[in-house]
Amino acid sequence: MPYKEMKKNLTYAVIDIETTGGRADRDRITEIGVVITDGKNIIDSFESLVNPETSIPYEITRLTGIDNQMVSDAPKFYEIAKRIVEMTEETIFVAHNVRFDYGFIQEEFRRLGYAYTRKKICTVVLSRKAFPGLRSYSLGNLIQHFNIEAERRHRALDDAKATTVLLSYILDSQPAVNEINRLVRDLNLASLLPANISADKINSLPETCGVYYFYDRSGELAYIGKSINIKSRVWEHFKGINHKGEKMQNFVADISYKETGSELAAYLVESYEIKKFKPYLNKASKNSKLTTGLYIRYDKHAGNYFSLENRVDENDADYLISYPSLRAGKKALNNIIREFNLCPDVSIGIVKNQPCFDHMIGYCYGICCGKENQEDYLKRMELALAKIKVKLEGNWFLVDKAVSYEEQTVFYIEDGIYKGHCVISKEDAPMASDIIDSIKPVSHQIDYQKIIKRYFNKSFIKKVRLGTTI
Ligand SMILES: [Zn+2]
């Protein structure tokens, strides 16, 4: 469809919500206002208070005027969920700071076990482009600037109506044309999909972490992949204009998925299942793609220094860790250098006897120009090495997120070997031995060890050291 016609046909759902606070994973919606518009006229609107099933903090009530009593008889979110799905079907989701409103609504649907996804645009982002140079892009300021009518500020429908007026101004501007073009391009991607897969099918995939499966026309499993965002990763497969993308378009007749909530679990499940099912479109294990090795070399002028090399040799006594590319290796090494206040020159064997850039900006303590003594520096170098060279020994639980907020994924490591994982409720605190009993054991695989090592020191993974006897 030509762009002009598409633009004419786009429908927008301008949405504003009030909440009990700022965090979608913890706070709840107290009011929602929806305006359906073609960009000029209001086609439909909806407004409802929502019982948040939790209390509204006083400072929020002061801002919105919505108090606990007002919402006590209001419908709960699940009672209006169907209406919201139907009203916003095939529309572009619009909000002032869309991440906030979209995030909360998506989260409410997630609690109901439903994956809510819409194309979205943000009137803050677009206002900045369309009307540059304003003091502030808050809705309040834009309302004032354009003299937009808004009866009750911070109530959902009135804010949504004001945002609708703002949207109509934005749509008349050039930056909006570019943004709309992008949306139309995305919508047209639907034409790239395999014959048996509808855009709805892909849009109903969750935007969460997990493993996905492609089946061919005869129902055979053709491909297994993992992602922290299943839906967007699946889209990418079909957008791909390379040979593989084309192949996928011809092959895939059905898609299924398994949410894991945990990135580490997604990696392990993918690795396990590729080995088990051997889907014919999966090439050899992805871990074989690690091409760059980090080594600790020695030189009598420079002492011990890090060396990124275009080879991975785990039998080399100086070998530390491997990365998928030189770029990834450099990035990881730079993070380590900054974290331990090492010198970016000295740590890679460059001895110039002059201050490095990092010393000038305060990260490097000056080993490069004689301002730090050798002993202190070597201590930090040792700490950095310990962090890089993860040696798995002892018994551990690694704890990560799960699909539900009420649960967590526990990975069990026994004598340094990954044994399996399970999902437990956060509320009951089971004994370590019960957790271990409920794990379906996996056989020892070098790939699992690599994956576990890569995640062992990630800040979002909680580690629990277990005694030697459990
Ligand atoms: Zn330095």
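Analyst: A residue is called buried under 20% relative accessible area, exposed over 50% and partly exposed in between, using a 1.4 Å probe and protein chains only. This is a predicted model, in which local features need pLDDT of at least 70 and side-chain atom pairs count only at pLDDT 80 or more, while totals for chains, interfaces and linings use all residues. Residues are numbered from 1 along each chain as its sequence is written, and side-chain values use heavy atoms, with hydrogens and water left out.

User: Is Thr-61 buried or exposed?

Analyst: Thr-61 counts as buried, because its relative accessibility is 18%. Thr-61 belongs to helix α2, residues 58–64. Helices (H or I, at least four residues) and strands (E, at least two) are DSSP runs, numbered from the N terminus.

User: Which residues does Thr-61 touch?

Analyst: Leaving aside residues up to four places away in sequence, Thr-61 touches Ile-56, Ile-66 and Asp-67. A contact means heavy atoms within 4.5 Å.

User: And where is Met-70?

Analyst: Met-70 lies in helix α3, residues 68–72. Met-70 counts as partly exposed because its relative accessibility is 31%. With residues up to four places away in sequence not counted, Met-70 touches Leu-49, Gly-65 and Arg-155. The C-alpha atoms of Met-70 and Ile-367 are separated by 64 Å, and the two residues are 297 apart along the chain.

User: Let us step back. How is the chain divided?

Analyst: There is a domain 1 (3–189), a domain 2 (193–283), a domain 3 (289–388) and a domain 4 (395–466). Such bounds come from an automatic or database domain assignment. The centres of domain 1 and domain 3, taken over C-alpha atoms, are separated by 48 Å. The C-alpha trace of the chain spans about 75 × 60 × 50 Å along its principal axes.

User: How many helices and strands are there?

Analyst: The chain has 18 helices and 15 strands. Of its 470 residues, 48% are buried. Among contacts between residues at least 6 apart in sequence, 61% join residues at least 24 apart.

User: What about the largest nonpolar core?

Analyst: That core has 51 residues, and those with the most contacts inside it are Tyr-12, Ile-32 and Ile-105. The largest share of this core, seven residues, comes from helix α8 (residues 156–171). A nonpolar core is a set of buried Ala, Val, Leu, Ile, Met, Phe, Trp, Tyr and Cys residues joined through side-chain atoms within 4.5 Å. Not counting residues up to four places away in sequence, Ile-105 touches Ile-15, Ile-17, Ile-29, Ile-32, Phe-93 and Tyr-116.

User: How much of α8 is buried?

Analyst: Helix α8 is mostly covered, with 13 of its 16 residues buried. Its end C-alpha atoms are 22 Å apart, which agrees with the 22 Å that 16 residues should span at 1.5 Å a residue. The expected span of a helix is 1.5 Å times one less than its number of residues.

User: Which residues does Ala-13 touch?

Analyst: Ala-13 touches Val-35, Ile-36, Thr-88, Thr-91, Ile-92, Phe-93 and Val-94, not counting residues up to four places away in sequence. Ala-13 is part of strand β1, residues 12–19, and is buried, with a relative accessible area of 0%.

User: New topic: which residues are the protein donors of the zinc ion?

Analyst: They are Cys-343, Cys-356, Cys-364 and Cys-368, each through SG, at 2.3 to 2.4 Å from the ion. Donors are N, O and S atoms within 2.8 Å of the metal (3.2 Å for Na, K and Ca); water is not among the atoms, so sites may look incomplete. The donor residues are spaced C-x12-C-x7-C-x3-C in sequence.

User: What is the geometry of the zinc site?

Analyst: The site is tetrahedral, with angles of 107 to 112° among its four donor atoms. Four donors count as tetrahedral if all angles lie between 85 and 135 degrees.

User: Finally, what is the phi of Glu-90?

Analyst: Glu-90 has a positive phi of about 60° although it is not a glycine. Most residues other than glycine have a negative phi. Glu-90 is in the loop between α4 (77–88) and β4 (92–95), and it counts as exposed because its relative accessibility is 71%. Asn-97, in the loop between β4 and α5 (98–111), also has a positive phi, near 70°.

Definitions and conventions: Four donors count as tetrahedral if all angles lie between 85 and 135 degrees; four count as square planar and six as octahedral if opposite donors are over 155 degrees apart and all others between 65 and 115; anything else is irregular.
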